[in-house]
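Thanks for coming. I will go through one protein this morning, starting with the whole and then turning to a few residues.

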Amino acid sequence: MRVLVAGATSVPGLPLLRELTARGHEVTGLTRSASKTAQIEAAGAKPVVADVFDVDDIGKVVADARPDVVVSLLTTLPKLGPKRLKDFEPARKLWSAGASNLVAAAQSAGVRRIVAESVIFAYGYPTTGPAVLDETDPYPGPPPKGGDDMLAALRGMERNVLSSGEHSDTEGIVLRYGCFYGPGVPHDELFVRLAKWCMLPAMTGNGIVSWIHIDDVVRATADAVDHGRGGQLYNIVDDRPQRFGDYVRELSAKLHRPPPIPISHRLVGLVASYPATAFGTTWLPLSNAKAKAELGWTPMPRV
Ligand SMILES: NC(=O)c1ccc[n+]([C@@H]2O[C@H](COP(=O)([O-])OP(=O)(O)OC[C@H]3O[C@@H](n4cnc5c(N)ncnc54)[C@H](OP(=O)(O)O)[C@@H]3O)[C@@H](O)[C@H]2O)c1
């Protein structure tokens, strides 16, 4: 198939270009910047340059590429992840306006399927709940304090993709990725460095989130391109939801470092309010049973 990947230069984007190419697809990668086209070519794809905020440009690029499938990995967050809600402002604009331009371009070019990146925090930020949440309980949690617009934009993007097949030939699939870890993930590489220096704090709190290795993100996304079901939402998470503090303790042990020092999530919140909420108090242990059953995908065991 012909596949166009928007967000081709993102953390999951470049390995996805390689995976799709290895599976025999003819892959095009979108970037805003001519200086990044070499990375896309090196990953085996044909680069195209456009900004999704430019309706005409993105329409032309999608029409010219004639893809069977469009993948949207459009996000724009600080390299080491958001520290405060205001860090989501560019992403909020991208989810509100940019992503819908891409969906409209796909619809008008008669693209068969669009697969879009979302994140487990689209479920909201509940502080308690069942032992495992699945896709049948779509939005149980409230936004973080002051984050109504951000969460509404993310959920609006999801709804736009999921409902696409109801009024066009372009069916939509949304993938809610867990929190990334693994090689090439900037914040995880920072965690590893801090753990090696015995400086990674084990943030306390009752929150629990779902995680995903970047290689599993790539395989699940390619599986959704190949045989996901239109109009469906899939949790792309590994088998072990875990508290941030436990994640950090395991990482330190793996690196043969002493147990990290616990630090209250309230204290972390003074300098980084968003991670203190997202990892300190949010309750998102998610099931991956639907993705396993329908995509034929299984995450690697976490070692
Ligand atoms: N689930 C998770 O844990 C999760 C999810 C996402 C991100 N993150 C983390 O957040 C940090 C930043 O990642 P990121 O993915 O936001 O940044 P990124 O790696 O810079 O990727 C953003 C992608 O979106 C594209 N893009 C942004 N605005 C665009 C526009 N207007 N038109 C066309 N393309 C546009 C960029 O294209 P060009 O720059 O090439 O134009 C780039 O390919 C990383 O640490 C990452 O691991 C974590």
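**Overall shape and one salt-bridge network**

I start with the surface. The protein exposes about 13200 Å², and carbon and sulfur atoms supply 56% of that area. Accessible areas here come from the Shrake-Rupley method with a 1.4 Å probe, and for residues only the protein chains shown count as cover.

Before going on, some notes on the source. This is a predicted model, in which local features need pLDDT of at least 70 and side-chain atom pairs count only at pLDDT 80 or more, while totals for chains, interfaces and linings use all residues. Residues are numbered from 1 along each chain as its sequence is written, and side-chain values use heavy atoms, with hydrogens and water left out.

Now the fold. The secondary structure comes to 12 helices and 11 strands; these are DSSP runs numbered from the N terminus, with helices being H or I of at least four residues and strands being E of at least two. Along the principal axes, the C-alpha atoms fill a box of roughly 55 × 35 × 35 Å.

How does the radius of gyration agree with that of a compact globule? A compact globule of 303 residues would have a value near 19 Å, and the protein has 19 Å, which agrees. The radius is taken over C-alpha atoms, and the globule rule is 2.2 Å times the number of residues to the power 0.38.

Of the 303 residues, 52% are buried. Buried means under 20% relative accessible area, exposed means over 50%, and partly exposed is in between (1.4 Å probe, protein chains only). As for contacts (heavy atoms within 4.5 Å), take those between residues at least 6 apart in sequence: 77% of them join residues at least 24 apart.

Next, charges. There are 33 positive and 32 negative ones, and their mean positions are 7 Å apart. Lys and Arg count as positive and Asp and Glu as negative, with His and the chain ends not counted. The place of a charge is NZ of Lys, CZ of Arg, CG of Asp or CD of Glu.

How many salt bridges does a search of the whole structure find? It finds 12, where a salt bridge is a side-chain nitrogen of Lys or Arg within 4 Å of a carboxyl oxygen of Asp or Glu.

Please look at R23, which is partly exposed at 30% relative accessibility. E19 forms a salt bridge with R23, with the closest N and O atoms 2.8 Å apart. E19 is partly exposed, at 23%.

R23 also meets D223 in a salt bridge, 2.8 Å from N to O. That pair links distant parts of the chain: D223 is in helix α8 (residues 214-227), and R23 is in the loop between α1 (13-22) and β2 (26-31), 200 residues apart. Is D223 buried or exposed? At 8% relative accessibility, D223 counts as buried.

The side chains of D226 and R23 form a salt bridge as well, at 2.9 Å from N to O. Here too distant parts of the chain are linked, since D226 is in helix α8 and 203 residues separate the two. D226 counts as partly exposed, at 28%. Through shared partners, salt bridges join E19, R23, D223 and D226 into one network.

Last, a residue elsewhere. G129 is found in the loop between β5 (113-119) and α5 (148-162), and is partly exposed at 36%.
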